[in-house]
Amino acid sequence: MTSPARRTPARLVAGIALTGALLTAAASWAAWRTNRGNEHRLLVLQTRQAASVISSAIIGIVSPLQTALQTARATDGDPAAFRAYVNDHVGPNALFVSAALWRTDGAAPVPLVSVGGAPELAPGSAAARAFVSRATRSTSFVVTSITTGPLPRIGYALAVPTDHRFAVYAERAIPANRRVAVERGSAFADLHFATYLGPTTRTSAMQTADVALDQLPLRGNTVRETIPFGDTVLTLVAAPARPLGGGLGTNLPWILIVGGVAVTVAAMVVAAQLARQRRSAERDTATIAGLYGELDGLYGEQRTISETLQHALLPRSNPTIPHLEIASRYVAGAHGVDIGGDWYSVIRLDGDRFGFVVGDVSGRGVDAAALMARIRFTLRAYLVEGHDPRVALELCSRQVDVDADGHIVTVLVGTGELSTRRVTLANAGHPSPLLVSGGEARYAVTAAGPPLGVRGGTYPLTTLDMPAGSMLIAFTDGLIERRTENLDTGLRRLADVAAPATGPVDAVLTGLLSSLCSDGSEDDVAILAFRWDG
Amino acid sequence: MADFSLTRMDGGEHPVLQVAGDVDLAVTQQLIDEGQRGLSEPGRTALVLDLERVTFMDSSGLSALVVLRNAAARVGRAVLLTNVPPNITRLLALSALDTLFAAPRHDA
């Protein structure tokens, strides 16, 4: 494996991690920004709503004072009438802690009647007179913050600019710590807020808040609203007490981060796994290809060894014998690498005699070839010693045992006399030779004994007197045997092809093989032929 | 090439091995092993090879028959061939092996 193939998975995983991180961060940031924008818009809306609620409350506070002033004007400052009306609105738990009617058409304002507790702003004081005078000059009510007493209060004064006779003065309590409770579901339910008298947000001007004093001023995402309040204003500052758009908006960035990281890690793991599997598959493929390559090499090597051995065991050339034209062929069958056990042999015995052998060891392989070589040289030795074919076969058959050697061997052994053209044959289970003479072909009739390897066989001699110009063709069964037809069909075909054959014996064999084995015989074929001078 | 198969038939006097398909080098060991198993059955006097469905036999197949015949002879038994197709009969005759086995029977 090359190093780039190893690096790729690490790069791939790092790329996925980077992409995943970037996408997660971008999505999370976008969600956070959107949420922040939404939160601010909602805060603005809710603060405005709260401001309008405060405006309504102010109207609710001032309208009893307006009614009281109208009552005084209608009754020309009748204290009883003023007291009768105002009584409902003054008390410890009422709108005001005290209320008073002042006469303001003299040189200086004078209190006429006072209801409720003692006002913080003493009726006779200069501050009180100045505040009431301010009301007579104002088109709206006037407000002042009173912090001189133990508890802070707000003073209200109201007059009618066109009728300078009367003014109404009232004081309203502020909770001790200036802290107010907020009801659930009210306009303030989701807000922290503080109200200030006047346009500033100094703590000294703070009127009410729903948080402790030390938490002021409100920080972070805040919105300020200014509400008209008599001749001044009330400033409302609000901040969200909880996510105004609900929890999802706030949590979404975190959900995206966690989800993005999880998806990225999963993608990294899957990618690494796929890369590993791919690498392993590539390794396997390479291994298999390598093994096949080796196998091819071994196969080729064995085939070469088999062919070399086969050719070494067969004669390089046939002997030259006067008055006799000899030719032979060996054709390896279209099978695997195993060596076959077919052979042929021609031996010059003396001046007048020659011997010939064609044989076939059953089965294939090196041990079949070794047995073939053993028998071939044994028979040759017996023939050279002068034994006739019958004796040679019987002697040889004692040296072969199918139980020990694993093979049977069919052999045709013959000797010929040049002077008489007499041929003597002995046959161990082998196909009889074909005799071709004068355009006719017939098989010699031999009294065959069993193949070598089967003990107890006898091999009677057959004697043929061959005419001049006649030809003997000995062969192994590969030439005639086909799986799909019976033996007689193959024998007849050989005879039919051989009968009209003329020309050199070698050319005759070439013709026979091309006619009978052109499709590539499955079995090995050995052929030996000789023709007498014509 | 016809598929080779061996089937052990039961019920007769002798164990019968039904041989089918091409009997060549590739299957001879199998034929020898199965035949020897049949020959080793106690109380029998012969092994019958039913060759009716044999489509082809080469010299390796013949050598397997001889091996089984020799193995049978060693334990005093015989190998009988039955339902031998004409082509195999011809092959046995050409190879001079026909006398080695008991006369083929066609009435099994």
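The legends below describe close-up views of a predicted model.

Local features need pLDDT of at least 70 and side-chain atom pairs count only at pLDDT 80 or more, while totals for chains, interfaces and linings use all residues; side-chain values use heavy atoms, leaving out hydrogens and water. Residues are numbered from 1 along each chain as its sequence is written, and chains are lettered from A and ligands numbered from 1 in the order in which they are written.

**View 1. The contact between chain A and chain B takes 23 residues from chain A and 24 residues from chain B.** Contact means heavy atoms within 4.5 Å. The area buried between the two chains is about 1,900 Å², with 59% given by carbon and sulfur atoms. Buried area is the accessible area (1.4 Å probe) that two parts lose on being put together, summed over both. A:Asp403, A:Arg483 and A:Leu487 supply 32% of the area that chain A buries against chain B, more than any other three residues.

**View 2. Four salt bridges are found across the interface of chain A and chain B.** A salt bridge is a side-chain nitrogen of Lys or Arg within 4 Å of a carboxyl oxygen of Asp or Glu. A:Asp488 forms a salt bridge with B:Arg90, and their closest N and O atoms are 2.6 Å apart. On the side of chain A that touches chain B, α7 (402-405) and α8 (487-498) of chain A each supply at least two residues. α8(A) gives the most to this side, with three residues. Helices (H or I, at least four residues) and strands (E, at least two) are DSSP runs, numbered from the N terminus.

**View 3. One open sheet of chain A has five strands in the order β11-β12-β13-β14-β17, with antiparallel pairing.** Two strands pair if DSSP finds at least two bridges between them. β11 (342-348) and β17 (462-465) of chain A stand at the edges with a single partner strand each, so one side of each is left without a neighbour in the sheet. The twist from one strand to the next averages 15 degrees. Axes are lines fitted to C-alpha atoms, for helices over the stretch in contact, and angles run from 0 to 180 degrees between N-to-C directions.

**View 4. β11(A) pairs with strand β12 (residues 353-361) of chain A in the antiparallel sense over seven bridges.** A:Ile347 stands opposite A:Gly355 in β12(A). Helix α5 (residues 366-385) of chain A packs on the sheet and touches β11, β12 and β13 (409-417) of chain A. The direction of α5 makes about 20 degrees with that of β11(A). Helix α6 (residues 389-397) of chain A also packs on the sheet, touching β13 and β14 (422-428) of chain A.

**View 5. A further open sheet has five strands in the order β10-β19-β18-β15-β16 of chain A, with antiparallel pairing.** Its edge strands are β10 (324-331) and β16 (440-443) of chain A, each of which pairs on one side only. β10(A) and strand β19 (residues 525-532) of chain A pair over eight bridges, and A:Tyr330 stands opposite A:Ala526 in β19(A). Helix α9 (residues 505-516) of chain A lies across β10, β18 (471-475) and β19 of chain A, at about 30 degrees to β10(A).

**View 6. A:Arg103 forms a salt bridge with A:Asp76, the closest N and O atoms being 3.9 Å apart.** A:Arg103 lies in strand β1 (residues 98-103) of chain A and A:Asp76 in the loop between α1 (3-74) and α2 (79-86) of chain A, so the pair ties together parts that are 27 residues apart in sequence.
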